[in-house]
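User: I would like to learn how to read the features of a protein model one at a time, with the general idea given before the particular case. Could we work through this one together?

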Amino acid sequence: MNAVHFGAGNIGRGFIGCLLYESGYNTCFVDVNGEIVDLLNEKKEYTVQLANATNEVMLVKNVHAINSLRDPDLVVDAVANANLVTAAVGPNILPLIAGLLANGLKKRLMLSKEPLTIIACENMIGGSVFLKEKIYEQLNEQEKSLFDVHFSFPNAAVDRIVPNQTNDDKLAVTVEPFYEWIVDESEISGENPPINGVTFVKELQPFIERKLFTVNTGHAVVAYFGYLAGYRSMHEALADGQIKEMTESVLRETSKYLTTKYSFDEQAHYKYVQKIIARFANPFITDDTTRVGRSPMRKLKSNDRLVRPATQYAEMFEETPIYLAKGIASALHYDYLEDPEAQEIQEAIQQNGIAFAIETFTGIKADTVLFKTVYEQYKEMAKK
Ligand SMILES: NC(=O)c1ccc[n+]([C@@H]2O[C@H](COP(=O)([O-])OP(=O)(O)OC[C@H]3O[C@@H](n4cnc5c(N)ncnc54)[C@H](O)[C@@H]3O)[C@@H](O)[C@H]2O)c1
Ligand SMILES: O=P(O)(O)OC[C@@H](O)[C@@H](O)[C@H](O)[C@H](O)CO
């Protein structure tokens with residue numbers, strides 16, 4: 001079985017590649033990082049080490065790679081011959097891989113009538129459907145109808161903390177032991193693709209919201225509160241009692257929203273939250289506040305981890321989630337020089353003021369109490 005995976009980065013090698021190998025696939029990574037591509041082609045294997053007391057190391061074999069900038073035609077051929085396509089490139093990059101995927105899938109239709117599943121493994125709601133939309137922008141009506149018959153794009157939720165890597169071996173990845181990959185099988189035509197470790201569900205929404213608004217909301221606020229307090233590592237940030245307490249308060253707000261909306265058992269959800277906070281504090285992992293806080297424009301979007309639970313909470317309970325508002329305000333303060341999105345936000349604030357920035361980046365309506373609270377929290381933080 002052949003798998004093509006776009007993005008040979010942290011989650012690509014450290015999670016998806018690992019499960020694909022264990023499931024018996026030959027995996028072709030597609031990436032624009034020439035060094036990683038060349039190393040994968042030279043070694044044809046890499047290691048994944050668990051960040052726990054065992055330090056267990058797994059060898060991932062049967063891999064090679066294509067540099068999509070250098071050899072786009074090879075990518076088209078690889079997609080045409082694939083039994084499964086996955087991606088973990090980041091939501092902002094999905095539109096950039098859509099063209100090659102469209103060409104690969106068109107070519108595949110000439111070679112095979114077998115159904116094919118394409119899964120975007122990104123931290124976003126509706127990632128695979130978003131990729132599908134970007135691919136369909138490149139098709140005529142007849143091609144769209146054929147794609148509808150042969151290809152499915154089930155949304156997914158992926159969870160495993162994989163920090164930026166600092167190993168001497170550039171291919172080696174250290175990952176937390178925990179993982180979860182949930183795929184919406186209601187969107188799959190034909191058989192579910194055989195992937196060890198994947199949970200197929202009939203309705204993804206509760207799972208992706210639970211993951212995004214617990215793991216990623218909690219992670220993001222530790223990163224932003226931590227960065228503003230001068231911490232560069234997630235450990236330092238979490239060791240600060242005030243930040244830990246504020247993070248727990250944020251997660252109490254998302255828990256109230258999630259358990260009400262999806263009727264989750266409150267005790268079971270509380271345990272889920274505690275487990276996640278313990279994962280953030282895993283002493284065997286070193287993670288940076290600037291990795292976790294990366295791309296604040298993306299993280300502040302109305303459908304993402306900060307604003308969506310806040311607006312939903314405000315609507316559902318007719319009360320303002322004060323700690324989520326603090327989290328949003330802290331993301332608006334995030335000014336890391338090496339993050340272009342952080343710089344864009346800071347420039348917008350300098351040129352047009354914070355009210356403009358809140359409206360522009362979060363989409364929160366100016367006449368709401370939530371807007372006013374974010375505004376006040378931003379000003380309050382600026383005094384410190
Ligand atoms: N790292 C984690 O803990 C984690 C966990 C769950 C989900 N995710 C999600 O997985 C996705 C990737 O995150 P990551 O941490 O692996 O990031 P990463 O930066 O380590 O990996 C992204 C990879 O995509 C490659 N890339 C960039 N442009 C490309 C293009 N045009 N074509 C092909 N490849 C391209 C990059 O070179 C890089 O190797 C994100 O959506 C992230 O939210 C990450
Ligand atoms: O990847 P991002 O930028 O959406 O979010 C940063 C981290 O919160 C994220 O990568 C987590 O480590 C991951 O989602 C854990 O499953």
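Analyst: This is a predicted model, in which local features need pLDDT of at least 70 and side-chain atom pairs count only at pLDDT 80 or more, while totals for chains, interfaces and linings use all residues. Residues are numbered from 1 along each chain as its sequence is written, and chains are lettered from A and ligands numbered from 1 in the order in which they are written.

User: Into which domains is the protein chain divided?

Analyst: Domain bounds come from an automatic or database domain assignment. Here the protein chain is divided into domain 1 (2–203) and domain 2 (206–383), with their C-alpha centres 28 Å apart.

User: How should I read a sheet, and what is the order of the six strands in the open sheet with parallel pairing?

Analyst: Strands of a sheet pair through backbone hydrogen bonds, either parallel or antiparallel. Helices (H or I, at least four residues) and strands (E, at least two) are DSSP runs, numbered from the N terminus, and two strands pair if DSSP finds at least two bridges between them. The six strands of this open sheet follow the order β5-β2-β1-β6-β7-β8, with parallel pairing. Because β5 and β8 (151–152) stand at the edges, each with a single partner strand, one side of each is left without a neighbour in the sheet.

User: Which strands does β2 pair with?

Analyst: Strand β1 (residues 2–6) pairs with β2 in the parallel sense over five bridges, and in this pair Phe29 of β2 is the bridge partner of His5. Strand β5 (residues 63–67) also pairs with β2 in the parallel sense over five bridges, with Thr27 opposite Val63 of β5. Elsewhere in the sheet, strand β7 (residues 116–120) and β8 run parallel and are joined by two bridges, where Ser152 in β8 is the bridge partner of Thr117.

User: How does the open sheet of three strands read, and which helix lies across its strands?

Analyst: This open sheet has the order β9-β11-β12, and its pairing is mixed. Its edges are β9 (156–159) and β12 (198–201), each with a single partner strand, so one side of each is left without a neighbour in the sheet. From one strand to the next the twist averages 15 degrees. The strands β9 and β11 (residues 180–184) run antiparallel and are joined by four bridges, with Ile182 in β11 as the bridge partner of Ala157. For angles, axes are lines fitted to C-alpha atoms, for helices over the stretch in contact, and angles run from 0 to 180 degrees between N-to-C directions; on that basis α7 lies across β9, β11 and β12, running at about 35 degrees to β9.

User: Which residues touch the most other members of the largest nonpolar core?

Analyst: A nonpolar core is a set of buried Ala, Val, Leu, Ile, Met, Phe, Trp, Tyr and Cys residues joined through C-beta atoms within 7 Å. The largest one has 115 residues, among which Ile328 and Val374 touch the most other members. Helix α7 (residues 205–228) gives the most to this core, with 13 residues, and the core draws at least three residues from each of domain 1 and domain 2. Leaving aside neighbours within four places in sequence, the contacts of Ile328 are Leu300, Leu306, Val307, Ala310, Thr362 and Val374.

User: What is the phi of Lys44, and what is that of Glu318?

Analyst: Most residues other than glycine have a negative phi. Lys44, in the loop between α2 (34–43) and β3 (46–50), has a positive phi near 60 degrees, and Lys44 counts as partly exposed, with 13 C-beta neighbours inside 10 Å. Glu318, in the loop between α13 (307–317) and α14 (322–333), has a positive phi near 50 degrees, and with 8 C-beta neighbours inside 10 Å Glu318 counts as exposed.

Methods:
A residue is buried if 20 or more other C-beta atoms lie within 10 Å of its own, exposed if 12 or fewer, and partly exposed in between; C-beta atoms are placed from the backbone. Two residues are in contact if their C-beta atoms, placed from the backbone, lie within 7 Å.
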